[in-house]
Amino acid sequence: MKAILLIGLGRFGRHIAGKLNDLNHQIMAVDHNEERVNAALPFVTSAQIGDSTNEEFLSSLGIRNYDACIVTIGDNFQNSLETASLLKELGAKKVIARASRGVQEKFLLRNGADEVVYPEKQLAAWTAIRCTSEHILDYIELDQEYSIFELTVPAEWSGNTIIQLDIRKKYGINILGVRENGKLNMNIVPDTVLSRGKSLLVLGKPKAVQKCFHI
């Protein structure tokens, strides 16, 4: 369990609060809007109404006590930038900030943010990849080279075992798990038999995955 300071309780911030709550983390939520703060109360440990660009207010929160500070201010980039900078000056261990454009990402990284999340860019990439083939069920980009895909088992693979297909040797792709009836099995063995109706969780380079699955 970690202590998280979440600044900004718009739609994106509330979604993060809900997920952090599911993961049983302690959350201090902050927003200048009382209505937003009240809406987030069921999902957070505590909350305060305040101006995150005010150094005195931020300092009163005990910034050094949090494992991470997340800035999800989406309606005012200047406030987001100032908040990230102040958090770092006050000794924040880790600052994660939201950007909505590439230029914002660069400014945030130069002014206090340790990491930047870019929801629109990430969603656009996911949507583009997802729409390229009916085989692709999910997609996570790990870095510029490798991604994790969840794909349906091709018809011609049905009845074959993982060792028979040997896609690791042929394409450099690792099968991480097999999903059937909504349940993911990560304890797979070489003689696991694949069939229609199952999906595979695979790790590899996108071009290799495209070639292997004929995408």
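Is Lys94 buried, partly exposed or exposed, and what is its relative accessible area? I found Lys94 partly exposed, with a relative accessible area of 31%; buried means under 20%, exposed over 50% and partly exposed in between (1.4 Å probe, protein chains only).

I note that this is a predicted model, in which local features need pLDDT of at least 70 and side-chain atom pairs count only at pLDDT 80 or more, while totals for chains, interfaces and linings use all residues. Residues are numbered from 1 along each chain as its sequence is written, and side-chain values use heavy atoms, without hydrogens and water.

**Salt bridges**

I looked up salt bridges (a side-chain nitrogen of Lys or Arg within 4 Å of a carboxyl oxygen of Asp or Glu), and the count is six. Lys94 pairs with Glu115 at 3.0 Å, N to O. Because Lys94 lies in the loop between H4 and strand E5 (95-98) and Glu115 in strand E6, this pair ties together parts 21 residues apart in sequence. Helices (H or I, at least four residues) and strands (E, at least two) are DSSP runs, numbered from the N terminus. Glu115 is partly exposed at 37%.

I also found a salt bridge between Glu150 and Arg179 (2.7 Å, N to O). Glu150 is in strand E8 and Arg179 in strand E9 (residues 174-180), so the pair joins parts 29 residues apart in sequence. Glu150 is buried at 9%, whereas Arg179 is partly exposed at 27%.

**Cysteines**

I searched the whole structure for disulfides (a pair of cysteine sulfur atoms within 2.5 Å) and found zero. Cys69 is buried at 0%, and Cys212 is buried at 3%.
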